[in-house]
Amino acid sequence: MPNVRELENALPVAPLKVLAMESAETIGRRVNNYLVEFRKNMKNTRHDDPAFQGYIENSYLVDASSPRFGSGEGKGILRESVRGKDLFIIVDVCNHSLTYSINGYTNHKSPDDNYQDLKRMIASAAGKAHRINVVMPFLYEGRQHKRTSRESLDCAYMLTELANMGVNNFITFDAHDPRVQNATPLNGFDNFTPPYQFMQALLDTEDDLIIDQEHTIVISPDEGALDRAVYFGNVLGVNTGMFYKRRDYSTIVNGKNPIVAHEFLGDTVDGKDVIIIDDMISSGESMLDTSRQLKEMNAKRVFICCTFGLFTNGLEAFDKAYENCWFDRVITTNLTYQPPELYTRPYYTEADMSKFLASIIDFMNHDISMSHVMTPTEKINEILARYNNREEYHI
């Protein structure tokens, strides 16, 4: 864990509690385990000081649930007190595996359902908790972040609504457009990216990479992901390229202009390992088309790194693309629900974010600058140098 000395010399805002919604139960347990480990190994903690009451616990998880009536209506229940606590609520709005009964029918929870459950838990704790922080890795309605015509502005409205309910801080990852935080300028909004975890997963699964400008390049699949690719490329010390989508603006299919072709801008990919970086895989059609073109341009290997693997059209297209050698590996985080069958695929690797998320929560509970949980570029460069020299390295 980074900068432990900062934690040892700081007071917590209030006793820590973590409410992992049913949608984020798995990662919530992992985060809790890391928090317990962090604090049990902490030095110089003054246990007799009232300010440290409840600082070291066997669990920080809150006993809570969001049951449903037979009509499909729900409610939020806290089975223990959170009065005076620094409460972190973790929710995965994209978890579609959860079900509930409505008039005898089984209904899968949509992002709207998970969001409503989140509001119910906030309403249960509002006015009692010392502070309410929402950890929403996939920002609800983040893709509807700007208005282009007579449209709703859902993401901005969501942030405003939760702020009015008493949420003090929002923690998210790889927001589709971080500028949406302007909707709540007086509330905390932290947007984190996982390049370090991507690198960790890639180095742990591939033992013959040479990460330098001669052998590796980072690619953005479209204009929207260019900032991510440039940042990742700079951290790795390699060049960056970009595809841009040429669309047919005279036609509308399923509410949007269809993509005619992907055009490439950047250095040659001939004989190089290519890392595609983006915020999400939705259906995956655009990502697979980009991978196919890179292989046709004689790329050596193609690694797809995306923060959120939604796979809304299933895995069949990825299975066929892998058989056709269009890509070599897909890496996504565990910040959103992943179907069990994904873990059986030979091309899939998970980038575990639970330790990073636990560090974020721990530092925020102490009101310490979030810059302390960021891995410095110097450390990444040192690890890459050792890896390239085939020396022993530790992540």
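## Where α2 meets α9

Ile27, Arg30, Val31, Tyr34, Leu35, Phe38 and Arg39 of helix α2 are in contact with Ser354, Lys355, Leu357, Ala358, Ser359, Ile361, Asp362 and Asn365 of helix α9. Contact means heavy atoms within 4.5 Å. By class, this contact has eight nonpolar, three polar and four charged residues. Nonpolar covers Ala, Val, Leu, Ile, Met, Phe, Trp, Tyr, Cys and Pro; charged covers Asp, Glu, Lys and Arg; the others, Gly among them, are polar.

This is a predicted model: local features need pLDDT of at least 70, side-chain atom pairs count only at pLDDT 80 or more, and totals for chains, interfaces and linings use all residues. Residues are numbered from 1 along each chain as its sequence is written, and side-chain values use heavy atoms, with hydrogens and water left out.

## How the two helices cross

α2 spans residues 25–40 and α9 spans residues 354–365. They pack at an angle of about 60 degrees, and their axes are 8 Å apart. α2 and α9 are therefore oblique to each other. Oblique is what remains after roughly parallel (under 35 degrees), roughly antiparallel (over 145) and roughly perpendicular (65 to 115).

## The two sides of α6

Helix α6 covers residues 226–236. Its buried residues (under 20% relative accessible area, 1.4 Å probe, protein chains only) are Arg228, Ala229, Phe232, Gly233, Val235 and Leu236. They lie on the same side of α6, because their arc around the axis is only 160 degrees. On the other side, Asp227 and Asn234 are exposed, that is, over 50%.

The cover over the buried residues includes α5, β10, β11, β13 and α10. After α6 comes Gly237, with a positive phi near 75 degrees.

How values were computed. Helix = DSSP H or I, 4+ residues; strand = E, 2+ residues; numbered from the N terminus. Arc of directions from axis to C-beta. Axes fitted to C-alpha atoms, helices over the stretch in contact; angles between N-to-C directions.
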